[in-house]
Amino acid sequence: MRISEIFYPNSLGDLLELLKANPELLIVAGGTEVVGMQASKSLSFPAQIASISHLPELQKTTRSEQYLEVGCCTTLSGLLTLSSGALPAPLPQVIQSIGNPAIRNTATIGGNLCCKRRFMDLWPFLACIDAQMEIRSLHGNRWAGVSHLSDDAGLPQFPEASILTRIRIPLHAPNFSFFKKLGNSRFPSPESAYFVCMAEISHDKIESFRLIFAGERAFRLKDHEATLIGRRVPLSQKDIQPIVDYYSAEFVEKTGNDNYQFNALTEESLGRISGQ
Amino acid sequence: MTIDFVLNGKPQKTQIRSGDRLVYVLQKLGDFPSLIPDCLGGNCGRCLVFMDGRLIYSCLTPAFKAKGSSIVTYEGFSATEDCKDIIYGLKQASAFPCNFCRKAKIMMIADLLKRIPLPEETDIMEQMSIVSCPCTDPVSLAKAVLLSAECRNKRKFKRADK
């Protein structure tokens, strides 16, 4: 078993210094993702680890009229215990679909978003509602959309020598949402994927539309989403079919897979928007 | 490296390696028959402990995360009134978990009642997913949880006699 060096930084500043000195540093908050993947009796880690769950500045929760701001070390259980109505629908449902209560007591929102090998449950939903994240490095801090955690090819990305510190979740979510989790594993597996479709429907018109499918890759057609704005609902089957066909063809082109489940979910969500 | 934490109310100082799972470190610190990890994957529940009041799988927790925390195993919890309420509820409902999972299920119920003193059926069913052993029928177990809750709430929230 390789012996790793473990650090317990006293502040965020200490952590950033550590990160600068050790670019390969593994930052562990809950640790469920890195431990859940390992089946051996002893765990294997990179040469340097920083444990950060004790840092109070990464656990703070504040709320304004428009946003909920949570520290990256907030556990998923902690999010669920916020007063009812503090989370936009269907975020509580998305969180409850993750693991079980004992896993959610350990797993954190930051860990769920920063997984380097794939996208996990929260990312597609938070990207759909334009949640923001604060990224800190020794050069300063900046806010960016959570959607920036996906690169142009739809693969997970995260800036070097930086840490995700806070997530700003808008309290108002679109009035239509459809969420489906695929796969049957407690921990993310190759077949796990998440489908989210959200729309704002007002006066029988689509005001905004988002559709994200994410697993090992993220799939989203931002330009096409814009073309659906202004459409009258209910959509007829004649309207829905060309949209499904377009999404299906793009999905094959971008991911190389013909995914029956994706096509069925796209059709299902458009049908639900139309009340079918 | 050396870490210190509180285990069942007693301060501990122990040597760990970076790759140690918490459950194995706890096993070395005393006689804890409740800690016999079987799956190392957060399924069987035979490593459940309370860390800083929250129920966790100690097999899924790296030992270095225990630094500065307070840990309670089933052996520490079994002396409490809360545990007696749960055992009472299980007996009254004729729900008898097997020897493999009995302690894990008691810890699982304790966590639920701590978070939700009056749980609903959906809360109970969700909590049951923490321990995968199918030895007890869910209906009896749900009844046991409700009886335990009633007993616990009577004791904790009893009004002072006039």
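B:I36 counts as partly exposed, at 39% relative accessibility (buried means under 20% relative accessible area, exposed over 50%, and partly exposed in between, with a 1.4 Å probe and protein chains only). This residue sits in the loop between α1 (22-28) and β3 (48-51) of chain B (helices are DSSP runs of H or I with at least four residues, strands are runs of E with at least two, and both are numbered from the N terminus). The model is a predicted one, where local features need pLDDT of at least 70 and side-chain atom pairs count only at pLDDT 80 or more, while totals for chains, interfaces and linings use all residues; side-chain values use heavy atoms, with hydrogens and water left out. Residues are numbered from 1 along each chain as its sequence is written, and chains are lettered from A and ligands numbered from 1 in the order in which they are written.

- Setting aside residues up to four places away in sequence, B:I36 touches B:Q27 and B:R46 (contact means heavy atoms within 4.5 Å).
- If you jump 105 residues in sequence from B:I36, you come to B:L141, and the two C-alpha atoms are 23 Å apart in space.
- B:T61 belongs to another loop of chain B, the one between β4 (54-57) and β5 (70-72).
- Is B:T61 buried or exposed? With a relative accessible area of 1%, B:T61 is buried.
- Once neighbours within four places in sequence are left aside, the contacts of B:T61 are B:D20, B:R21, B:L22, B:M51 and B:I56.

**Chain B as a whole**

- Chain B has 6 helices and 5 strands, and from the N terminus on its elements follow the order β-β-α-β-β-β-α-α-α-α-α.
- A compact globule of 162 residues would have a radius of gyration near 15 Å, and the 16 Å of chain B agrees with that (the radius is taken over C-alpha atoms, and the globule rule is 2.2 Å times the number of residues to the power 0.38).
- The C-alpha trace of chain B spans about 55 × 40 × 25 Å along its principal axes.
- Of the 162 residues in chain B, 51% are buried.
- If you take the contacts in chain B between residues at least 6 apart in sequence, 59% of them join residues at least 24 apart.
- Chain B carries 24 positive and 17 negative charges, whose mean positions are 4 Å apart (Lys and Arg count as positive and Asp and Glu as negative, with His and the chain ends not counted; each charge is placed at NZ of Lys, CZ of Arg, CG of Asp or CD of Glu).

**The domains of chain B**

- Chain B is assigned domain 1 (2-77) and domain 2 (81-156) (the bounds come from an automatic or database domain assignment).
- How far apart do the C-alpha centres of domain 1 of chain B and domain 2 of chain B lie? The C-alpha centres of these domains of chain B are 22 Å apart.
- Where the domains of chain B meet, 17 residues of domain 1 are in contact with 20 residues of domain 2.

**Chain A as a whole**

- Chain A has 10 helices and 12 strands.
- The radius of gyration of chain A is 20 Å, close to the 19 Å that the globule rule gives for 276 residues, so chain A is as compact as a globular protein of that length.
- The C-alpha trace of chain A spans about 60 × 40 × 35 Å along its principal axes, and 53% of the 276 residues count as buried.
- In chain A, 64% of the contacts between residues at least 6 apart in sequence join residues at least 24 apart.
- Chain A has an accessible surface of about 12,700 Å², with 48% belonging to carbon and sulfur atoms.
- The 26 positive and 28 negative charges of chain A have mean positions 4 Å apart.

**Backbone details to look at**

- A cis peptide bond joins A:A89 to A:P90, with omega about 0 degrees, and A:P90 lies in the loop between α3 (76-80) and α4 (91-96) of chain A.
- The peptide bond from A:V233 to A:P234 is also cis, with omega near 5 degrees; A:P234 is in the loop between α8 (222-228) and α9 (237-255) of chain A.
- A:D204, which is not a glycine, has a positive phi near 60 degrees.
- You will find A:D204 in the loop between β10 (193-202) and β11 (205-214) of chain A, partly exposed at 48% relative accessible area.
- B:S94 has a positive phi of about 50 degrees without being a glycine, and its place is the loop between α3 (81-92) and α4 (102-115) of chain B.

Notes. Accessible areas come from the Shrake-Rupley method with a 1.4 Å probe; for residues, only the protein chains shown count as cover.
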